[in-house]
Amino acid sequence: MEPITAALGLELYFPRGVVPYLLGGLLVGLGAAIIYLTTGIIAGASTFLESTLSYVSDVPRFNRASYVRSRDWRLVFTVGIVSGAAVYGLVLDPGVWTTDVQWWRLLGGGVLVGIGTRLGKGCTSGHGVCGVGSLSNTSLVNVATFLAVAIGTAQLVAALGVAP
C-alpha cells in the first residue's frame with residue numbers, strides 16, 4: 001500500500017503509510033458493530049461521556065433510565081477510549097505531547113466541539129461511524145455539516161495566517 005501512497009503524492013497526509021489508518025478504521029468499525037449488535041446502543045462517544053455523569057449529577061438529563069441501566073459498561077468504554085490513546089501515545093509512540101498547538105487553543109477547541117455535540121445531538125463518532133453506516137438521514141446531514149464547517153474554518157484560519 002505504501003507505493004500507492006507515494007505514487008499519489010500522499011506521504012504528507014499518511015506519514016506512516018496507510019496501513020495503521022486502515023487497521024484503526026477496521027477496529028473502530030468492528031467495535032461499533034459489536035456494541036450495537038450486543039446491546040442495541042449506538043456507540044457515540046459524547047453519549048457515553050454524558051451517561052457517566054449520572055454517577056455524580058442529579059440533573060434528570062444525565063439520569064435517564066437507559067443511562068443508569070447501562071452506565072457501568074459505558075464508563076468502561078469511555079475509560080477505554082482515553083486509556084487506549086494514552087497507552088498508544090506513551091508506549092507504542094513515545095512522546096506525551098505531539099502537537100505544536102498551545103494548550104489553551106486545544107482546550108478552546110474541545111469546548112467548542114462539546115457545544116457542537118450537543119447542538120448536533122451527537123458526536124462525529126456516533127453520527128460518522130454508526131449513523132452514516134446505518135444510512136441515517138440525520139447523521140448524513142450532520143456529517144455533511146461537520147465537514148463543511150471544518151473545511152470552512154480551516155480555510156478561514158489559513159487565510160488569516162493563524163499558525164499553531
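Colleague: Which helix is Phe146 found in?

Modeller: Phe146 sits in helix α7, residues 137-160; helices here are DSSP runs (H or I) of at least four residues, numbered from the N terminus. The model is predicted, and local features need pLDDT of at least 70, side-chain atom pairs 80 or more, while totals for chains, interfaces and linings use all residues. Residues are numbered from 1 along each chain as its sequence is written, and side-chain values use heavy atoms, without hydrogens or water.

Colleague: Why is Phe146 called partly exposed?

Modeller: Buried means under 20% relative accessible area and exposed means over 50%, with partly exposed in between (1.4 Å probe, protein chains only). Phe146 has 24%, so it counts as partly exposed.

Colleague: What is Phe146 in contact with, beyond four places in sequence?

Modeller: Gly122, Cys123, Thr124 and His127, where contact means heavy atoms within 4.5 Å. Phe146 and Thr124 are 22 residues apart in sequence, with their C-alpha atoms 7.8 Å apart.

Colleague: How do you know whether Ser57 is buried or exposed?

Modeller: Its relative accessibility is 15%, so Ser57 counts as buried. Ser57 is placed in the loop between α3 (45-52) and α4 (65-92), and it touches Phe62 and Asn63, leaving out residues up to four places away in sequence.

Colleague: And what makes Leu112 count as exposed?

Modeller: Leu112 has 61% relative accessibility, so it counts as exposed. This residue belongs to helix α5, residues 103-119.

Colleague: Which residues make up the largest nonpolar core?

Modeller: Five residues: Ala32, Ile35, Ala43, Phe48 and Cys130. Such a core is a set of buried Ala, Val, Leu, Ile, Met, Phe, Trp, Tyr and Cys residues joined through side-chain atoms within 4.5 Å.

Note on methods:
Helices (H or I, at least four residues) and strands (E, at least two) are DSSP runs, numbered from the N terminus.
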